[in-house]
Every structure is written in structure tokens, then in C-alpha cells.
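Q: Please take a close look at one part of this model: the charged side chains that pair up, and what surrounds them.

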Amino acid sequence: MIKSLVKKREFTIFMIVVVIAVVIAISNSVFLRADNIIDVLKSNSVIGIMALGMLPVLISGGIDVSVSSTIALCAVISGKLLTVSGANLFVVLVVSVAVGAAVGLANGLIISKLKISPIVATLGTMSIVLGAVLYWTNGEWITNLPEDFKNFGTTTVAGIPIQVIIFAALIAITALVLKYTLVGRGVYAIGGSASSAVRVGYNVNKIQTLIYVFTGMTVGLAAVVHTSIVQQVDPNTFTGLEMDVIACVVIGGASTMGGSGSVTGTVLGVLLMAIMKNGLILARIPTYWQDIVVGLIIVVAVSIDVLNRNREQEKLVRVDVEE
């Protein structure tokens with residue numbers, strides 16, 4: 001059992017997280033303070049929620065780069081509902097999730113029905129949605145949110161911020177869906193081989209569409225969570241966010257070629273990114289280094305994934321020849 005655990009990629013990621021955390025803690029004692037840990041978890045709950053939505057997409061062999069513009073749209077709509085219409089939290093949450101789901105549905109239909117590459121389809125969606133948001137808001141911030149919503153953003157349960165609790169709840173839901181439902185098993189089947197998935201009876205088009213709808217829903221949820229943290233809406237603040245989201249999932253062991261990935265790995269990927277960024281901040285290193293670090297991590301993680309896949313393919317070829 002122990003040998004099996006050690007061989008898993010998640011164990012390697014976990015050990016990396018521990019080592020980096022220890023190094024940062026030694027260099028800066030502030031890192032281990034309870035308020036800093038809670039603040040790191042709270043501020044990274046948005047990335048975590050979006051990463052859980054991105055996970056099924058990457059497992060299925062797809063990608064969604066429109067999440068940054070979708071969260072901007074959902075955040076702006078949430079802000080407008082709160083400040084103009086005076087809507088309550090429940091209505092704002094439902095509308096935001098529904099808008100995210102609608103964008104995800106559009107992506108899913110374009111990819112599954114029109115057979116357009118996920119990167120091309122979601123790039124197009126990203127440009128359309130972002131252009132619409134900037135035209136609508138003219139880049140202006142939305143402030144003066146209602147006090148009830150601000151109070152929600154500062155709510156804690158046993159000292160744990162409500163945003164972290166929402167993230168934890170989504171972790172459980174995503175894990176259950178991927179492991180115990182037909183759709184969840186279909187996600188892995190499609191990522192392994194779409195043609196094989198069709199032969200065993202999976203409705204590939206339907207599952208692909210549902211995958212992107214789920215991603216959109218998590219983005220809509222993340223928009224409300226983000227707004228509750230910062231207590232305002234800046235439509236420009238989400239630019240490039242999709243790279244952080246994808247990086248967390250890839251670091252967590254999800255293959256960019258599809259077929260592999262786990263909720264545990266994704267959560268560890270989020271923690272690794274959060275710890276590294278917090279360490280850079282505590283060390284007072286300029287923020288642009290964060291982008292450099294994220295880029296390097298993506299390149300290294302994808303390179304390792306490709307090399308591992310190539311080795312696996314070479315083994316399969318040798319077995320075929322010998323037989």
C-alpha cells in the first residue's frame with residue numbers, strides 16, 4: 001500500500017509542497033502564522049474553484065482559455081445586480097452560475113457539434129465575451145456593493161472563511177462526480193480515446209457539452225466568490241487568469257493530452273501555486289516574477305507529461321512487435 005502511494009504523482013507533488021513550505025517557513029516566520037495561512041487559502045479559493053472546473057476539460061483532452069473573460073462577465077453581471085437591481089445573494093449566485101453555464105454550453109456545442117478545436121473555439125469565445133464586457137463597462141469599476149453582501153464576504157465558520165468552505169464543498173462534489181457517475185467515467189474514457197468511448201456506448205457529444213457547462217458553472221461561482229473577497233468588480237483584473245488556472249491543473253498531474261488527472265492532484269497544484277506566490281510576496285520579490293515562475297512551471301510540467309507519454313508509447317510499440 002505504501003509503495004503504491006509513493007509511486008503516485010500526487011505523492012510527489014505533496015512532497016514538493018511540503019519542501020517548499022518548509023523552506024519558506026525557515027526564511028520567513030510570518031508564513032506559518034494562522035492569519036497568513038487563512039489569507040492564502042481565502043485569496044486562492046477563486047483559482048481553486050476554477051481549477052476544479054478546468055480539470056474535467058483537460059482530462060477529456062480539451063482546453064478552455066475563455067474562463068478569464070467568462071469570470072469577468074459573470075462578475076460584472078453580479079455587480080450590476082447588486083448595485084442597480086438590489087438583488088439578494090441567492091439571486092446573484094443563481095444568475096452568475098447560469099451565465100457561466102450558458103457560455104460553457106456555447107463552447108461545448110461549438111466543440112462537440114461543429115468539431116472545432118477546443119483551443120480555437122474557446123479563443124473565439126474569449127475574444128467575443130471580453131469585447132462585450134469592455135464595451136458594456138468601458139473598463140469602469142463597480143463599487144458601493146450592499147452591506148449585506150459585504151458581510152457575507154467576511155463571514156467565517158469556526159474561523160474558516162466562507163470562501164474556503166465553498167471551495168471545500170466543490171472539491172467533494174467534483175470528486176464524487178468524476179469517480180462515481182457515468183458522466184465522470186465518460187470524461188476519462190473520452191480523454192483516453194474518443195473513438196473507443198463511442199464503441200463502449202458513451203455519448204461523446206453530450207458528455208463534452210456537459211464538461212464545458214460544468215466549467216462555466218464553476219466560473220460563475222468563482223465570480224461571486226471573488227467579488228465577495230475584493231468587495232468590488234474590476235473587469236480588467238481577470239486578464240491572463242486562465243494561465244494560472246491551467247497551470248494549477250497541469251501541475252497537479254492532469255495530462256494536456258487527456259486521459260489522466262485527479263481532484264487531489266489539482267488541489268495540491270493550487271496549494272503549490274499559492275505557497276510559491278505567497279513566498280515571493282513575503283520575500284518582497286516583484287510581482288512580474290510570479291508570471292515568469294508560472295510560465296516556467298507550465299513548460300516544465302507539460303514537457304514532463306510529453307516525455308512520459310512518449311515513453312509509454314514506446315513500451316506499447318515494443319510489446320506489439322514482440323507478440
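A: In this predicted model, lysine 150 forms a salt bridge with glutamate 147. Their closest N and O atoms are 4.0 Å apart. The cut-off for a salt bridge is within 4 Å. Both residues belong to helix H8, which covers residues 147-153. They sit 3 residues apart there, so about one helical turn separates them. Their accessibility is as follows. Lysine 150 has 25% relative accessibility and counts as partly exposed. Glutamate 147 reaches 51% and counts as exposed, because the threshold for that class is over 50%.

Helix H8 also holds an aromatic pair. The count for the structure comes to 1 aromatic pair. The ring centres of phenylalanine 149 and phenylalanine 152 are 6.1 Å apart, and their planes stand at 40 degrees, so the pair is tilted. These two phenylalanines are also 3 residues apart in helix H8, about one turn of the helix. Phenylalanine 149 is buried, and phenylalanine 152 is buried too.

Now back to the charges. The whole structure has 3 salt bridges. Another of them joins lysine 277 to aspartate 244, with the closest N and O atoms 2.8 Å apart. This pair links distant parts of the chain. Lysine 277 lies in helix H14 (residues 263-282), while aspartate 244 lies in helix H13 (residues 241-251). The two residues are 33 residues apart. Aspartate 244 is buried, because its relative accessible area is 14% and buried means under 20%.

Arginine 33 and aspartate 35 also meet in a salt bridge through their side chains. The N to O distance is 2.8 Å. Arginine 33 is partly exposed, with a relative accessible area of 45%. Aspartate 35 is partly exposed as well, at 44%.

Next comes asparagine 36. This residue lies in helix H3, residues 34-43. Asparagine 36 is buried, with a relative accessible area of 11%. A polar atom of its side chain lies 3.0 Å from the backbone oxygen of phenylalanine 31. Neighbours within four places in sequence set aside, asparagine 36 is in contact with Val30, Phe31, Asn278 and Leu282.

Lysine 150 is partly exposed, as are arginine 33 and aspartate 35. Aspartate 244 is buried.

Methods: Residues are numbered from 1 along each chain as its sequence is written. This is a predicted model: local features need pLDDT of at least 70, side-chain atom pairs count only at pLDDT 80 or more; totals for chains, interfaces and linings use all residues. Side-chain values use heavy atoms; hydrogens and water are left out. Buried means under 20% relative accessible area, exposed over 50%, partly exposed in between (1.4 Å probe, protein chains only). Helices (H or I, at least four residues) and strands (E, at least two) are DSSP runs, numbered from the N terminus. A polar contact is a pair of N or O atoms within 3.5 Å; within protein, one must be able to donate a hydrogen and the other to accept it, and residues adjacent in sequence count only if both atoms are side-chain atoms. Contact means heavy atoms within 4.5 Å. Rings of Phe, Tyr and Trp (its six-membered ring) pair if their centres lie within 6.5 Å; planes under 30 degrees apart count as stacked, over 60 as edge-to-face and the rest as tilted.
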